[in-house]
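Here is a short briefing on a protein and its ligand.

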Amino acid sequence: MADTAHFTPRVFSGIQPSGNLHLGNYLGALKRFSDAQNNGIESIYCMVDLHAITVWQNPEDLRRATRELCAGFIASGIDPEKSILINQSQVPEHAQLAWIFNCVARMGWMQRMTQWKDKAGKNQQNASLGLFAYPSLMAADILIYHATHVPVGEDQKQHLELTRDIAAKFNHDYGVDFFPLTEPVIEGAATRVMSLRDGSKKMSKSDPSDMSRINLTDDADAIASKIRKARTDPDALPSEVEGLKDRAEARNLVSIYAALADQEISAVLAEVGGKPFSEFKPMLADLAVAKLSPISTEMTRLMQTPDEIDRILGNGAARARAIAAPILAKTYDIVGMIKS
Ligand code: TYM
């Protein structure tokens with residue numbers, strides 16, 4: 001089976017421009033992209049606007065959210081000269097490969113996706129066809145670059161397994177060793193940041209309560225107030241990781257602290273074990289403000305020059321197409337399409 005061993009290492013990841021970026025996106029994705037930037041591996045980061053429209057988006061809001069997301073990438077430390085920053089619809093090869101993958105993937109595979117079940121809910125008949133085919137476009141995003149590594153939060157694991165299934169079935173059906181079986185990279189202290197109001201629910205932009213999440217655009221007062229009001233249990237913090245078992249809210253806040261401070265959870269507990277939340281929450285709030293405020297200030301500054309953002313995305317698209325076009329041409333050839 002084709003693993004990734006004989007493919008040139010290449011990183012790809014994507015984020016939907018469908019509303020506010022939050023702390024989960026930052027710790028599960030953006031911060032990790034920027035931490036990995038100097039490892040010398042070619043990296044492509046994508047605003048997935050075609051994925052965003054699988055549910056209704058107001059056109060002007062989508063354009064703004066796409067530029068704001070680009071500003072979020074740059075403000076989080078992604079250098080558009082070192083990495084390639086793109087907007088999905090500006091690289092048409094993604095959608096072209098997705099069609100081929102729609103003919104490889106099976107209905108049953110898609111029906112098993114928990115994100116499909118969660119998002120379509122009880123009203124599947126009324127969901128868009130795009131929402132159902134969402135993971136096939138995601139596989140195309142990754143495989144159009146022969147990406148070998150995909151850093152994501154834990155919630156994307158199932159989609160990445162499906163990406164491997166699509167690659168394996170394509171390779172098998174056509175008798176080739178063409179697409180790599182991409183590795184998910186789900187690492188760090190905060191691969192699943194939970195809601196501040198309910199430790200059993202993921203922090204998410206679709207949660208109706210704004211108090212459940214910290215947005216990257218929140219000011220210092222909002223961040224401090226959301227952390228102060230975050231749900232916790234009455235006990236003091238434990239000094240060992242095992243002490244966080246069955247304490248979802250405590251685990252979440254300690255994980256957030258560890259990820260923001262670039263420390264292990266055990267090292268944080270060695271420092272704060274025994275403290276009540278009334279002491280730990282202000283420490284966390286100060287740390288979060290210190291790390292997030294510069295990002296939000298930089299995002300606001302970058303948003304004042306949307307032309308510059310568009311120039312960066314245009315440049316990224318040209319660089320990305322130089323990689324994607326030959327891979328699409330070879331895919332068409334394998335499938336039996338006439339060369340133009
Ligand atoms: P999206 O836009 O929902 O989220 C973007 C990234 O943020 C991570 N994330 C979290 N990490 C930790 N805790 C959380 N509460 C949390 N919420 C979100 C996600 O895991 C993700 O890494 N389908 C993808 C976008 C996509 C993509 C791709 C990703 C499209 N094509 C190809 C990788 C490769 C999505 O909806 O992510």
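Which domains does the domain assignment of the protein give? It gives domain 1 (10-192 + 305-335) and domain 2 (210-301); such bounds come from an automatic or database domain assignment. This is a predicted model, where local features need pLDDT of at least 70 and side-chain atom pairs count only at pLDDT 80 or more, while totals for chains, interfaces and linings use all residues. Residues are numbered from 1 along each chain as its sequence is written, and side-chain values use heavy atoms, with hydrogens and water left out.

- The C-alpha centres of domain 1 and domain 2 lie 29 Å apart.
- Domain 1 gives 18 residues to the contact, and domain 2 gives 18 residues. Contact means heavy atoms within 4.5 Å.
- The two domains bury about 1400 Å² between them, with 70% of it on carbon and sulfur atoms. Buried area is the accessible area (1.4 Å probe) that two parts lose on being put together, summed over both.
- Leu23, Ala75 and Ala189 supply 35% of the area that domain 1 buries against domain 2, more than any other three residues.

**Links across the interface**
- The rule finds 1 salt bridge across the interface of domain 1 and domain 2. A salt bridge is a side-chain nitrogen of Lys or Arg within 4 Å of a carboxyl oxygen of Asp or Glu.
- The rule also finds 3 residue pairs in polar contact across this interface (both at pLDDT 80 or more). A polar contact is a pair of N or O atoms within 3.5 Å; within protein, one must be able to donate a hydrogen and the other to accept it, and residues adjacent in sequence count only if both atoms are side-chain atoms.

**Ligand surroundings**
- The ligand is surrounded by 28 residues, each with a heavy atom within 4 Å of it.
- The closest are Tyr134, Asp141, Gly153, Asp155 and Val193.
- An N or O atom in the Asp155 side chain is 2.4 Å from a ligand oxygen atom.
- A polar side-chain atom of Gln16 lies 2.9 Å from an oxygen atom of the ligand.
- A polar backbone atom of Met203 is 3.0 Å from a nitrogen atom of the ligand.

**Salt bridges**
- A search of the whole structure finds 20 salt bridges.
- Arg63 and Glu60 form another (2.8 Å, N to O).
- Arg63 and Glu60 are separated by about one helical turn, because they are 3 residues apart in helix H3. Helices (H or I, at least four residues) are DSSP runs, numbered from the N terminus.

Methods: Helix = DSSP H or I, 4+ residues; strand = E, 2+ residues; numbered from the N terminus.
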